[in-house]
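Reader: I have the sequence and the structure open side by side, and I would like to go through the fold step by step. Could you take my questions in turn?

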Amino acid sequence: MFGHRKPRKNQRKGQKSKREYKFLGRVLLGFKLIMAVAAAAAVCIFFILVHDILTQCDYFKISQLTIEGSQRLSKKEITKQAQVGIGENILAVNLSLVRKRLIAHPWIAEAGVSREIPSGLTIRIKEHVPLAVVDVGQKFLINHSGQIFKAWDSSDPANLPVVSGLNVLDLPPVYGQSDSTEGDIVRERTAPFNAVMKVLRLGGQQGTILPNRSIRQIRVDRHIGLTLLAFDRIKTINLGYDDYDGKYNMLASLFSYHKHQQSVSDYDRIDLNNLDRVVVNTLRRE
């Protein structure tokens, strides 16, 4: 006669308030997150605006560009390589990128770039100093460390000793590359290459009897050692291997001796392979 009524669940007032509190807490947390994101965005926008203002401000335009350390390269060549110039905003210059551009130039061994606020930029470079030309079918320039730093071309110095008789495996890595081959095997410099470097370093010493500027060629024979072609009137000097200090001292004594010999006008060959048996081919005065 009467329908069945569903039993009504009794809820305590405390339970209802607890659920409402959780809901309000979630709403408040969401609001805080939104505000935090908005604040972060506002800060980012602020710094972007500040960055744009500073990097476009005339006050920070480069008016003084200083270049230090250049010997061979001109200021124009260096600024072109660096891709910076007068009038650019100093704060917009990427110093790391400019340095990478500079050391990519074959003549630049080291480079550094610094700002002088508000309008100065300083570039400091160290150039390679060529020691000799190495001919292995193609000619390359090596520096005082014996590293290849560029391929030789007709615009390079013409008064350098030319080394022949080495092969590609005798040469160290190109400047800037690791001195190793595959894996952990280190590529050691060979005896012929080390002999060439010893002679070139002796020729670079002050007061040496045979300066590098007088050496035209250094011929390498893997079995008998080094032979030099030197001076304007070409003279052949056989050095062989080892004891180059002693052989240069002997050469100085020979030069001094022949200078005071009235019957000898010149010589065309000196064999210093064995210091106990030095052979000199002299040219007598007529």
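**Questions on the fold**

Author: In this predicted model, L28 has its place in helix α1, which covers residues 13-55.

Reader: Is L28 buried, partly exposed or exposed?

Author: Buried is the word for residues under 20% relative accessible area, exposed for those over 50%, and partly exposed for those in between. The relative accessibility of L28 is 46%, so L28 counts as partly exposed.

Reader: Which residues make the nonpolar surface patch, and what is its area?

Author: L28, which belongs to helix α1, contributes to this patch together with F31 and M35. The nonpolar surface that these residues make comes to about 310 Å².

Reader: Which strands stand at the edges of the open sheet, and why is one side of each left without a neighbour?

Author: The open sheet has three strands with mixed pairing, in the order β1-β3-β2. Each edge strand has a single partner strand, so one side of it is left without a neighbour in the sheet, and these edge strands are β1 (64-68) and β2 (108-116).

Reader: In β3, which residue is the bridge partner of I67?

Author: Strands β1 and β3 (residues 120-127) run parallel and are joined by five bridges. For I67, the bridge partner in β3 is I123.

Reader: What angle does the direction of helix α2 make with that of β1?

Author: Helix α2, residues 75-82, packs on the sheet and touches both β1 and β3. Its direction and that of β1 make an angle of about 105 degrees.

Definitions and conventions: Residues are numbered from 1 along each chain as its sequence is written. This is a predicted model: local features need pLDDT of at least 70, side-chain atom pairs count only at pLDDT 80 or more; totals for chains, interfaces and linings use all residues. Side-chain values use heavy atoms; hydrogens and water are left out. Two strands pair if DSSP finds at least two bridges between them. Helices (H or I, at least four residues) and strands (E, at least two) are DSSP runs, numbered from the N terminus. Contact means heavy atoms within 4.5 Å. Axes are lines fitted to C-alpha atoms, for helices over the stretch in contact, and angles run from 0 to 180 degrees between N-to-C directions. Patches are made of residues with over 30% relative accessible area and no salt bridge: like charges are joined within 9 Å, nonpolar side chains (Val, Leu, Ile, Met, Phe, Trp, Tyr) within 5 Å. Accessible areas come from the Shrake-Rupley method with a 1.4 Å probe; for residues, only the protein chains shown count as cover. A salt bridge is a side-chain nitrogen of Lys or Arg within 4 Å of a carboxyl oxygen of Asp or Glu. Buried means under 20% relative accessible area, exposed over 50%, partly exposed in between (1.4 Å probe, protein chains only).
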